[in-house]
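Here's a quick briefing to read with the model open beside you. Take a look at the picture first, then work through the points.

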Amino acid sequence: MIFIKDVVKQYHTRHGEVTVLDHINLTINNGEKVGILGRNGSGKSTMIRLISGAEQPTSGSIERSMSVSWPLAFGGAFQGTLTGLDNLRFICRIYGVEFESRIDYVQEFSELGPYLKEPVKTYSSGMRARLAFAISMAVEFDCFLIDEIIAVGDSRFHEKCQYELFEKRKDRTMIIVSHQPDFIKTHCDKAAVLVAGKLYAFEQIDKAMAFYHEHSVTV
Amino acid sequence: MRVIGALLMREVLTRYGRHNIGFLWLFIEPMLFTLGVTALWTFSNAHHGSNIPIVAFAVTGYSSVLLWRNMPGRTIGAVEPNLSLMYHRNVKIIDVLAARVLLEAAGATTSFFVLSILWISIGWMQPPQDILKVLFGWFMLAWFGASLALLLGCLSERSEVVDKIWHPTSYLLFPLSGAAFIVDFLPPAAQKVILFLPMVHGVELLREGYFGSFVHAHYDISYMASVCFGLTALALAQERYISKRVTPE
């Protein structure tokens, strides 16, 4: 379970304090697939970072009673001068996962072949995305946080990722953040909508969709 | 600890890579510094106000400067390039800073010990008279450097002024730090002033350990320890403040 209680997140900017999340509440049960909808800049990514624990709320609390991943599908966590293998080794070390047994999996899944032993800065963006996804899957979590995962590699690789995440790991809890209602609709069984710093939770996806459409037009 | 270990390995790889002598640079670089300074001081017949052999004087003095000065040098601005790692919940600001502090301390320490052993074995230096005092002095200097490094590393995240100020400050502190003179040589009024600087106490203790009765050392370790303790407490408070507000990139 994940309990988000009365969370506020503010940032300092040149024009004063900006409240990105304003007293939001959400409870996520084990095995649930929860979508979070919001327009660009509505605070979705902030919310996912708070849930992951990478950032701290200004006030309120977030409790986790299961292992929670880092926000997946972001390609920037790599040290460019290190090889793909070194980056994998680093991630395994910080999560306390045995490293040797994951090499084959990452090599095969990322389809990088011998490039795994080359510095990441020599990779194309598609190669980076494949490495990022493969490394994300090398460490197992009870709950995966997915931040706009859609654009990973070509369509064949994209399908492979979908299968790996949504089929092979369908017993896990997932929190998916997106501005694309269709993606949420395909993969989630409930959804919440972020509008102007407030979070509106809905048990039925359709109601969330209707609410989102209504507010993404008027707000 | 596991995370700090992982960051250490990563830091070593990114800084030194796997090419040529790789991570040996970690202590070869400070060794070259110390060697250069030793050579300069030897040939210029530097006045340090005692009959201490110049090689031993330079090795003890310059190594201790490297120890307390390099740690802050590496932690200032260390958070920024590592912000993307903060996406991982178990990587904390303190881990990033601690990894760099440990690496610098290891480099300076190895350099100091390797050079000492080298000079002692070829007879350019006498073995230290009281090795425990040497180690204690070294430890105090390391503590001072580490606490200063943690504090400045955090403060530099709040204001870039820290980075700008540190370079001139550390440069000016070098001649005042006790590395290039012994306190006993100074006039009493100057002694009082110079002993406000905490690292001077550490260097004096280190030198007393090395040269024993050769020198009349001036130090007050309880003063130095209080300063270090204060710096450590401030650093940890700052670390908490920064951690609460850090935004991963």
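How many residues of chain B are in contact with residues of chain A? The count is 23 residues of chain B against 29 residues of chain A, where contact means heavy atoms within 4.5 Å. Keep in mind that this is a predicted model, in which local features need pLDDT of at least 70, side-chain atom pairs count only at pLDDT 80 or more, and totals for chains, interfaces and linings use all residues. Residues are numbered from 1 along each chain as its sequence is written, chains are lettered from A and ligands numbered from 1 in the order in which they are written, and side-chain values use heavy atoms, with hydrogens and water left out.

**Where the chains meet**

- The size of an interface is often given as the accessible area lost when the parts come together.
- Between chain B and chain A, about 2300 Å² is buried, and carbon and sulfur atoms give 55% of that; buried area here is the accessible area (1.4 Å probe) that two parts lose on being put together, summed over both.
- On the chain B side, B:Tyr87, B:His88 and B:Arg89 lose the most area to chain A, together 31% of what that side buries.

**Chain A**

- You'll find seven helices and nine strands in chain A (DSSP runs numbered from the N terminus: helices are H or I with at least four residues, strands are E with at least two).
- Chain A has a radius of gyration of 18 Å, close to the 17 Å from the globule rule for 219 residues, so it is as compact as a globular protein of that length (the radius is taken over C-alpha atoms, and the rule is 2.2 Å times the number of residues to the power 0.38).
- Of its 219 residues, 53% count as buried (under 20% relative accessible area; exposed is over 50%, partly exposed in between, with a 1.4 Å probe and protein chains only).
- A:Ser124 sits in the loop between α3 (100–110) and α4 (125–138), and with 37% relative accessibility A:Ser124 counts as partly exposed.

**Chain B**

- Chain B has nine helices and zero strands.
- Of the 249 residues in chain B, 52% count as buried.
- Along the principal axes, the C-alpha atoms of chain B fill a box of roughly 55 × 45 × 30 Å.
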